4 protein chains.
Amino acid sequence: MEDIQRGDIMADFHEELAQESLAPLWEVLKALVPREPRPVAAPAHWSFDLLRKFALQAGKLITAEQAERRVIVLENPALRGQSQITTSLYAGVQLILPGEVAPTHRHTASALRLLLEGEGGYTIVDGERVEMHPGDFIITPTWSLHDHGSDSDQPVIWLDGLDVPIVKLLNAGFAEDSGNGRQTVVHPEGDSLARYGSGLTPVNYIPKTAVSPIFWYPYARTREALERMRQRAEWDPAEGLRLTFTDPTTGGSPIQTMAAFMQLLPAGFSGSEVRSTDGAVYSVVEGSGRVTVGDITWEVKPRDIFVVPGWAWHRLAAETDLILFSFSDRPLQQKLGFWREQRG
Amino acid sequence: MEDIQRGDIMADFHEELAQESLAPLWEVLKALVPREPRPVAAPAHWSFDLLRKFALQAGKLITAEQAERRVIVLENPALRGQSQITTSLYAGVQLILPGEVAPTHRHTASALRLLLEGEGGYTIVDGERVEMHPGDFIITPTWSLHDHGSDSDQPVIWLDGLDVPIVKLLNAGFAEDSGNGRQTVVHPEGDSLARYGSGLTPVNYIPKTAVSPIFWYPYARTREALERMRQRAEWDPAEGLRLTFTDPTTGGSPIQTMAAFMQLLPAGFSGSEVRSTDGAVYSVVEGSGRVTVGDITWEVKPRDIFVVPGWAWHRLAAETDLILFSFSDRPLQQKLGFWREQRG
Amino acid sequence: MEDIQRGDIMADFHEELAQESLAPLWEVLKALVPREPRPVAAPAHWSFDLLRKFALQAGKLITAEQAERRVIVLENPALRGQSQITTSLYAGVQLILPGEVAPTHRHTASALRLLLEGEGGYTIVDGERVEMHPGDFIITPTWSLHDHGSDSDQPVIWLDGLDVPIVKLLNAGFAEDSGNGRQTVVHPEGDSLARYGSGLTPVNYIPKTAVSPIFWYPYARTREALERMRQRAEWDPAEGLRLTFTDPTTGGSPIQTMAAFMQLLPAGFSGSEVRSTDGAVYSVVEGSGRVTVGDITWEVKPRDIFVVPGWAWHRLAAETDLILFSFSDRPLQQKLGFWREQRG
Amino acid sequence: MEDIQRGDIMADFHEELAQESLAPLWEVLKALVPREPRPVAAPAHWSFDLLRKFALQAGKLITAEQAERRVIVLENPALRGQSQITTSLYAGVQLILPGEVAPTHRHTASALRLLLEGEGGYTIVDGERVEMHPGDFIITPTWSLHDHGSDSDQPVIWLDGLDVPIVKLLNAGFAEDSGNGRQTVVHPEGDSLARYGSGLTPVNYIPKTAVSPIFWYPYARTREALERMRQRAEWDPAEGLRLTFTDPTTGGSPIQTMAAFMQLLPAGFSGSEVRSTDGAVYSVVEGSGRVTVGDITWEVKPRDIFVVPGWAWHRLAAETDLILFSFSDRPLQQKLGFWREQRG
């Protein structure tokens, strides 16, 4: 009886609060401050065959004029309708057909790109053009002018990663179109890689905090470095040999919000269990293997894409030499002192 | 006719995609990458009379055992049900009654506190206790052990600000109770302020990135500093004299995700229009004035709380000498290269 | 016989080299790359009585026009004729008589100052004037405009420390006179301490690497902080409670080349042996004690000055509560990765 | 008459001071605080023919056991007897004969090396061996274990640069021999360049402030980068295209005290006048040209070495494509806020 009365009083009080845009913390505290990260996102795997089929289908349905938006968004099964692959990241698979051009634009959100299939596609960032080859890692950091296109006679397909949910949370997003199609190429191809990524830096260069002067990390160089490093034969029990793309003018991530990784697991490697607070999106660059997240196991093949949610136990195993690309929000978590990793 | 057919084909395609946890970017691109920040949050103002009334009412309805959650959450009118005052911040008004004690705990989310009313309340952070006085700024940065209580014979009321939505976005939140009530006080009151905040630092101190060794910024010192600085009579046309609380061992914000500000507008000051990408939560520490956000104007009095959404034009005017406290996510936006300000 | 011949050949060869501004490393390698720091500087102690007597005598012999250079240089007994108290530091005792004024100037060398005796002296740095009291620590960092004078009716005496030998090594020294005597005071006294040293920083402040915005560390504040900290009763076995003056906008030393320290040893404290690579110049601010360097022991009294050479074993003992000021080139050594400390 | 008397009094006073290890500033102030950097060091040029001849001669006179010290020191003509090429730097030309090995050691002083002549020489740093080719830039930063030797059948000659005078000023130098000859090679050749210098960094790498993880900058890569960059055809009027070797894990100089530069002047380039506070030691890597320092002009050929003193006006001209290596104390000057440059 008293309980009912008390219940009524509380309900009235909550109603009064609600009318003044106020709310009772005592009802929601547990949800606001969890004991540990909750499984908000789900593990998921997309085979490249499927993604490629849909991308080509979109190529027929979406006109060249709309090519810049001809992207298949990978939505986390537990976060449908929000264009998110984890709580903080966006991922999509983009198709460019022969002769197409995306108009120049820039936006607050940073984008990263892993070339999956096709030769002859190119990206232009801040006046420099690079031709993209499978396995190449390209970035268009916050507010950098960029466009892309294809001089190929075959479809070009890549994986896009963006920090859209982070920009959205901070509600600090701007965007601009340049208005006049493709930007003028003012620097020779490979200039910024030579200028900043060959062990040297121009004498008067002053690093800008948020934007790396290098936007192209060719796979040929990455692959050769991995091959050189594997000779040392020092393998992390869970991650094999894992490296993170780096801005050589700061030593930090080329993008402030997202890190990207390249990882080699030698044939036969069977990784131990590991989890970290940053959920990561992976793509297979070379080889095949087996990925286990919780009690789900996938066989993975070249160009497949899968997502391991944050704080989810997982293990990686390589059938043949396996090279994995991945990206996550780790640098942001580390900056804020949030990042944690646990070994099984 | 053709359009209808085409519409059907697209609908079928979208349905196929949906079944594979995929989605068409061409449907949502505009929403994902806006031209400029959208008015997601609304301006809002709460009078202290109202907040105090509700807090005291909660004091009767919520038991001492639940005192730690006896908080009135300020919800943005445009973001109801999400415990958010802006897209990235939480704010609440907490009441502690005489003799109450909140058990020791720690969590990933950082909290900041402005003491609004009452003497005799105290906060203990990492083994050091401080008594709080109106206008004092106290922080409990990420993962620092903290608890609080009151030896007063009167209610103690403060404003809480937390970065809960940021931790939620990254899904990286942990929490722990110490299990045994109040923590042992092992350092004398004022020790850390003396040790790190008096122009000196212990010789062997190594700054930890994410946590300031100072957690108490007494208003007496802040007030005296403002009084000294106003003699220079250099006023920013929009903001008067505005300063940000600082970790003296790094020069940065004492909390990585949030900055807090103290601001003096001399009597008669009529600020020009300004907007910035960081929405801010304000509280009046002393004096009265007028705040205009877009076409809304509020008369503000001591301890009132109001929120100016990000990228909303606003102006501040002081009737008497007006001292404003505020907090926002500016340091995070600045770290990411997102922060912008515009003058009217 | 062969040896003689060989000796002749070598001598001829050395002579040939010498004619071409070349030299044989094989003759000097040992001296160039020592096993450990050599006792280049000697320990030395000057009683304040002596320094004061000479300073006043200089006051009679050196005219007011030359007051800026009326300084008794403390020369290390092992480095005579070089105006050095250690291999990298200069120290002097300066006297200003009632009514005197030193003309405004600036130079690459940074200076620091500990006020030893007298009230009514003042320093003006970058347009702000402060009155100096005994125990106050004042800096005029590299290239900051400064001048000083005295409105007192008594002599004012201070200890000066400069990094002149460092500037000389790099041969990068410039100097300028402002031409017109005393600079205009444009900021109220205490403005910069309020603005940057009270737990706050102006919102638009951008730290400049090399120059602290605070140049005055009043002893009253330092003393109060020491008194507060001693309650914690945690004493380093060799150094008691030792702190270093800090630029609160960076957390680093207010001067890039030199650190200054304030240190409290409680009455009866008997320190263990210690040595570090940075030789330090000390002055007693309060109290008396005993200082042992190698096999030399001095009884020290207020305002005495002594130098402990780098890498020299030493120990400090306090008869009464002993407060020591000191300065050294430690931040430079630490930046370069050179600094080492060893405990006995 | 009075003057004479006053002179006597002053002399007596100075004598009294001298007896107490004190000195009058009024006698030396001008020398201590110069208006601008003085021409302490002189410009100098050594032809490689001469250096090579002397090095080979030393090869006959100095035994293999003493090979590590078989170095011709380049002494600045204005600083004879001090093993210095500028006020802060040491330079030498070292010869290693076929089969020789220098024992493993480490010291506080950092060394840098430009390979001038010969194939088959190698350096081992911290367990990794690299074979050196002409134009390669190798560093052995402070306290890194290093040794070198030659498997060649021809003499190997390099230019050594060290910061010995800086270590000497701070009197903070230590040295250690490993005791047992050559260190064990534990990492494959090229491992660190792959691991840190290919656009990636190992995920768990924590940069150490003072020591770069990369110690080998192969000329093949440098040369290719210069060739790529020259296409942009943007030439600094005084310096052509000048870059500085960089630690990609920090963006800073691989050595804290010294920077090294590589510079391309296209055939026919005639540089404008320039001077900076850092005196630099140059060596011609490729091509020929003309160097003017003040009123001295040298024709320079491959492997010649010359020194441009700090603050000395100079100009560079290229007959053929000219590639210059240089090193100076610039990073130290910049850290301290001392560095200045002036264009003519």
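**View 1. The salt bridge between D191(B) and R232(C) in the predicted model.** D191(B) forms a salt bridge with R232(C), and the closest N and O atoms of this pair are 2.5 Å apart; a salt bridge is counted here when a side-chain nitrogen of Lys or Arg lies within 4 Å of a carboxyl oxygen of Asp or Glu. Between chain C and chain B the count is 2 salt bridges. This is a predicted model, in which local features need pLDDT of at least 70 and side-chain atom pairs count only at pLDDT 80 or more, while totals for chains, interfaces and linings use all residues. Side-chain values use heavy atoms, with hydrogens and water left out, residues are numbered from 1 along each chain as its sequence is written, and chains are lettered from A and ligands numbered from 1 in the order in which they are written.

**View 2. The contact between chain C and chain B.** In this interface, 37 residues of chain C are in contact (heavy atoms within 4.5 Å) with 38 residues of chain B. The size of an interface is often given as the accessible area lost when the parts come together. Between chain C and chain B the buried area, which is the accessible area (1.4 Å probe) lost by two parts on being put together and summed over both, is about 3,200 Å², and carbon and sulfur atoms give 58% of that area. On the side of chain C, L200(C), V203(C) and R232(C) lose the most area to chain B, together 21% of what that side buries.

**View 3. The pairing of strand β13 of chain B with β15(C).** Strands are DSSP runs of E with at least two residues, numbered from the N terminus, and two of them pair if DSSP finds at least two bridges between them. Strand β13 (residues 200-202) of chain B pairs with β15(C) in the antiparallel sense, over 3 bridges. Within this pairing, P202(B) stands opposite L243(C) in β15(C).

**View 4. Chain A laid on chain B.** When the copies are superposed by least squares on the C-alpha atoms of residues with pLDDT of at least 70 in both, chain A can be laid on chain B with an RMSD of 0.1 Å by a turn of 180 degrees and a shift of 0.0 Å along the axis. The two copies are therefore related as by a two-fold rotation axis. Of the residues of chain A, L169(A) comes closest to the rotation axis, its C-alpha being at 3.9 Å.

View 5. Chain A and chain C do not touch, and their nearest C-alpha atoms are 14 Å apart. Chain B and chain D do not touch either, with their nearest C-alpha atoms 14 Å apart.

Methods: Helix = DSSP H or I, 4+ residues; strand = E, 2+ residues; numbered from the N terminus.
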